[in-house]
Amino acid sequence: MPTTRDYYEVLGVARDASDRDIKSAFRRLARELHPDVNPGDPTAEERFKEVAEAYEVLSDSEQRARYDRFGHAGVRGGGGGGAQGFGSFQDIFDAFFGGADVFGGAGGAAAGEDLLVATSISFVQSATGTEVEVMVDRVEECGTCDGSGAAPGSEVTTCDACQGQGQVRQVVSTALGQMVRARPCPACEGTGRHVAVPCADCRGRGRVRAQSAVAVRVPAGVATGQRIRLQGRGGAGAPGAPAGDLYVEVRVMPDDRFVRDDLDIVHEVSVPATAAMTGTTVSVPTIEGEADVVIPAGTQPGDEMRLKGLGFPVVHGRSRGDQVVVVDVRIPRITSDEGREALRPLADHLSEHGDDGDDEGFFGRLRHAFR
Ligand SMILES: [Zn+2]
Ligand SMILES: [Zn+2]
């Protein structure tokens, strides 16, 4: 849909801007808004079309003069030309910048694509490290022809159409005059080679799309969102070009027993008040199995015991966190009269001797201060 915005405004230039200013404004905006730089962004794509349309008119002195006098009505419709002159904005862009090269694309054979897959591991696996298998849908070298594209026993020669360059040059007319434009050679699809008898399994492409299981070492210490890079395990490149990389993003599933706190693992254990008063030993889960933890007599709610070295390691590092056991003290609910009677001597004892703990609490310390 043609834009209704003012073309000068679209390019961000003044009405008396020179041809040079217009050209450089367009170059800047086109690089910024090109769909290759903003994949899947419809706003950028719309803006790009708008910019291309504005440039198409303002870069042509005759059309610019008509636009200045009559506005959009002067350059649209029956008169021909206008932004519709280009088949697509990709064309105008290619003509202007000479194809994909401007964005760092490979000149000859295309490298394989980078791929991203996700994997879920348990909390304990994230602490100890593990090996997982991920299914990857990727382009792979054809096993029948080892990627050559030639049927076994058949010959591979240099492409005559491009002399093995993989690309052909073509002169095209654009709004800026004549431009040389490089295209992948249509005869050999950019490979620079001619295959006498193509491999039947890959139809001469040397590559096939396949689902493969890839084993991945997940190092100890990883957290959700971290990615493991497997160099060269992404999509296969064109013959002679490198393969892409495979990225595996890790998700750590929550565990009811543990919470991660940086390198430490926090586990809460609940003991009855009587056990906290007299001291006890409890068994707690750790990433290396069950472990006994001594709860000393007089343990208070929120006290922490540390199990050294049972936390997360630094990924590929030496230092390790601890497991922190946080003690929650339960007050038993005693419902029977006998139960309450049994506690009475203890209650009497405590009121005679204070609360017996190291920590007498705020009021206890206050009493001491005035004694
Ligand atoms: Zn093949
Ligand atoms: Zn060729």
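Modeller: Two strands pair if DSSP finds at least two bridges between them. Keep that in mind as we go, and remember that this is a predicted model.

Biologist: Thanks, that helps. Which strands form the sheet that contains β10, and in what order do they lie?

Modeller: Here 4 strands make an open sheet, ordered β10-β11-β15-β14, with mixed pairing. At its edges are β10 (259-261) and β14 (304-307), each of which pairs on one side only. On average, neighbouring strands of this sheet are turned by 35 degrees against each other, with direction ignored.

Biologist: And in which sense do β11 and β15 pair, parallel or antiparallel?

Modeller: Strand β11 (residues 264-272) runs parallel to strand β15 (residues 323-330), and 8 bridges join the pair. For one place to look, find Pro272, which stands opposite Arg330 in β15.

Biologist: What about the sheet with β9 in it: how many strands does that one have?

Modeller: That open sheet has 3 strands, in the order β1-β9-β8, and its pairing is mixed too. The edge strands are β1 and β8, each pairing on one side only. From one strand to the next, the twist averages 25 degrees.

Biologist: Could you walk me through the partners of β9?

Modeller: Gladly. On one side, strand β1 (residues 115-121) pairs with β9 in the parallel sense over 7 bridges. Within that pairing, Thr119 has Val250 as its bridge partner in β9, and Ser120 stands opposite Arg251. Strand β8 (residues 227-230) pairs with β9 in the antiparallel sense, over 4 bridges. There, Arg227 has Glu249 of β9 as its bridge partner.

Biologist: How should I read the side chains along a strand like that?

Modeller: The general idea is that in a regular strand the side chains alternate between the two faces of the sheet. In strand β9 (residues 246-252), the covered face holds Leu246, Val248, Val250 and Val252. The uncovered face carries Tyr247, Glu249 and Arg251.

Biologist: How many buried residues does β4 have?

Modeller: The count is 0 among the 8 residues of strand β4 (residues 167-174), so this strand is hardly covered. Its partner is strand β5 (residues 177-184), and the two pair in the antiparallel sense over 8 bridges. As an example, Gln170 has Arg181 as its bridge partner in β5.

Biologist: Which residues of α2 are buried?

Modeller: They are Ile22, Ala25, Phe26, Leu29, Ala30 and Leu33. These residues cover an arc of only 130 degrees around the axis, so they sit on the same side of α2.

Biologist: How do I describe the way two helices meet?

Modeller: Two packed helices are described by the angle between their axes and the distance between the axes. For α2 and helix α3 (residues 42-58), the axes come within 10 Å and cross at roughly 160 degrees. That angle makes α2 roughly antiparallel to α3. The crossing of the two is left-handed.

Biologist: I noticed a glutamate in α3. Is Glu56 buried or exposed?

Modeller: Glu56, which is found in helix α3, is buried, because 23 other C-beta atoms lie within 10 Å.

Biologist: One last topic, backbone angles. What should I look for?

Modeller: Most residues other than glycine have a negative phi, and most peptide bonds are trans. Gln163 has a phi near 55 degrees, a positive value in a residue other than glycine. Its place is in the loop between β3 (156-158) and β4. With 11 C-beta neighbours inside 10 Å, Gln163 counts as exposed.

Biologist: And where is Arg203?

Modeller: Arg203 lies in the loop between β6 (193-195) and β7 (207-218). Its phi is near 55 degrees, again a positive value in a residue other than glycine. Arg203 is exposed, with 12 other C-beta atoms within 10 Å.

Notes:
Residues numbered from 1 in each chain as written. Chains lettered and ligands numbered in written order. Predicted model: local features only at pLDDT ≥ 70, side-chain atom pairs only at ≥ 80, totals over all residues. Axes fitted to C-alpha atoms, helices over the stretch in contact; angles between N-to-C directions. Buried ≥ 20, exposed ≤ 12 C-beta atoms within 10 Å, placed from the backbone. Arc of directions from axis to C-beta. Parallel < 35°, antiparallel > 145°, perpendicular 65-115°, else oblique. Left-handed = near helix turned anticlockwise from the far one by under 90°.
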